[in-house]
Amino acid sequence: MSSQLIGLVISVLGAIIFIGVAVGLPALAVVALRFFKFKEHELTLEMEYRRKSQQQGVAIGQQVQGLEQRVQRLEEVLTSLDHDVRDRLGIESSAATSLSTHPELVEGPAAQNTQREDSSDQSRTRAR
């Protein structure tokens, strides 16, 4: 009897393992496919985020450069116009350029093109 019982237990265990493998492998494949699709989607989102952050970084850098150029132009204009500022900074009056020789210092970056077109107009370049 015991040999028949052992044979029956082995056959039942074999059937359970066979059914588990037959059902488990496709289920494991579906779970693996979904996991890898999720990871791919996650990586795609991360790449888009990095690309957008780089574009924003470049845009911010360009804005900072533009602001630095405008501040530099303002400083040049102030030192060329104000005698007190030149005296405080120790700049000689001969080193400061007059506004009539550099009218583009007064205008912003967008107005430089129109300033070049209006350069023939003598009333704008007249000194005080």
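Colleague: Let's start with R50: is this residue buried or exposed?

Modeller: Buried means under 20% relative accessible area, exposed over 50%, and partly exposed in between, with a 1.4 Å probe and protein chains only. R50 is exposed, at a relative accessible area of 52%. Keep in mind that this is a predicted model, where local features need pLDDT of at least 70, side-chain atom pairs count only at pLDDT 80 or more, and totals for chains, interfaces and linings use all residues. Residues are numbered from 1 along each chain as its sequence is written, and side-chain values use heavy atoms, with hydrogens and water left out.

Colleague: What percentage of the residues in the protein is buried?

Modeller: Of the 128 residues, 6% are buried.

Colleague: And how many helices and strands are there?

Modeller: Those are DSSP runs, numbered from the N terminus: helices are H or I with at least four residues, strands E with at least two. Here you get three helices and zero strands, so the pattern along the sequence is α-α-α.

Colleague: Which residue does R50 form a salt bridge with?

Modeller: A salt bridge is a side-chain nitrogen of Lys or Arg within 4 Å of a carboxyl oxygen of Asp or Glu. R50 pairs with E46, their closest N and O atoms being 2.8 Å apart. The two sit four residues apart in helix α1, so about one helical turn separates them. E46 is partly exposed, at 35% relative accessibility.

Colleague: How many salt bridges does the rule give?

Modeller: Two. K39 also forms one with E42, at 3.5 Å between the closest N and O atoms. K39 is partly exposed at 34%, and E42 is partly exposed at 36%.
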